[in-house]
Amino acid sequence: MDQTWLKTTLERFKNEQDPVRKFLKETKLFEEALANQEFEKTDLLIRKELGGILTTFKESFRKLEEGFVQKAQIQNIGKTNSATTLLDRIIMKVTSAGYGLNGLGTGVKATSEEIEKVLNHDFSMLEKVGSLQKEILETLPTSFANNPEAAIEAVNKLLLDFETQFEARNSIFLKT
């Protein structure tokens, strides 16, 4: 995906005007609640895509384990569990990520600039997950055949780096 997709999607959500939304935008009470909704909807789509790509890694790990069973490599069965568990945690973080302390009772509301920064950050994560996908899916089977422990350790390190980069989005909301 490129930046034009991001801009097109944002514009589509900005121009979305069903009758109820149009009425609520006119009402002062709901005007603030609907502000920046196009950024949040677009970000949700991006994070859904990220989660979908990350889920394909789990399928690769499952197929690798399946190969161990078929080849009767009992010593390797279960070695991908740590990577799968880590991947589950990352997928949960990506799909359920929020907008800082946004919410009732916090007294803190994310600004439109902050939400736009988060959107751009999450969009940049799509590129990162693409390179991660290439690195893991293309090298895992061969590197695992040579040294299973080192291969899983390398995959875990790549996943942890991705998680750290994704979590950097939280620093956007730090109020100093």
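Which residues are exposed on the other side of helix 5? In this predicted model, they are Thr-85 and Met-92. Exposed here means over 50% relative accessible area, buried under 20%, and partly exposed in between, with a 1.4 Å probe and protein chains only.

Local features need a pLDDT of at least 70, side-chain atom pairs count only at pLDDT 80 or more, and totals for chains, interfaces and linings use all residues. Residues are numbered from 1 along each chain as its sequence is written, and side-chain values use heavy atoms, with hydrogens and water left out.

The protein chain holds seven helices and zero strands. Helices are DSSP runs of H or I with at least four residues, strands are E runs of at least two, and both are numbered from the N terminus. The average pLDDT, the predictor's confidence in each residue from 0 to 100, is 75 for the protein chain. A score of at least 70 is reached by 65% of the residues. Confidence is highest in helix 5 (residues 81-95), at a mean of 89, and lowest in helix 3 (residues 28-34), at 55. Where pLDDT is low, the predicted coordinates should not be read in detail.

Of the 176 residues in the protein chain, 34% are buried. Contact means heavy atoms within 4.5 Å. Among contacts with a separation of 6 or more, 80% join residues 24 or more positions apart.

Helix 5 has 15 residues and reaches 21 Å from first C-alpha to last. That is close to the expected 21 Å, taken as 1.5 Å times one less than the number of residues. Its buried residues are Ala-83, Leu-86, Leu-87, Ile-90, Ile-91 and Val-94. Seen down the axis, they fall within an arc of 140°, so they line one face of helix 5. The arc is that of the directions from the helix axis to the C-beta atoms.

Helix 7 (residues 148-167) buries Pro-148, Ala-151, Ile-152, Val-155, Asn-156, Leu-159, Phe-162, Glu-163 and Phe-166. These lie within an arc of 130° and so line one face of helix 7. The face turned away carries the exposed residues Glu-153, Lys-157 and Thr-164.

His-121 sits in helix 6 (residues 112-146). It is buried, at a relative accessible area of 16%. Not counting residues up to four places away in sequence, His-121 touches Gln-165, Phe-166, Ala-168, Arg-169 and Ile-172. Phe-166 is also among the buried residues of helix 7.
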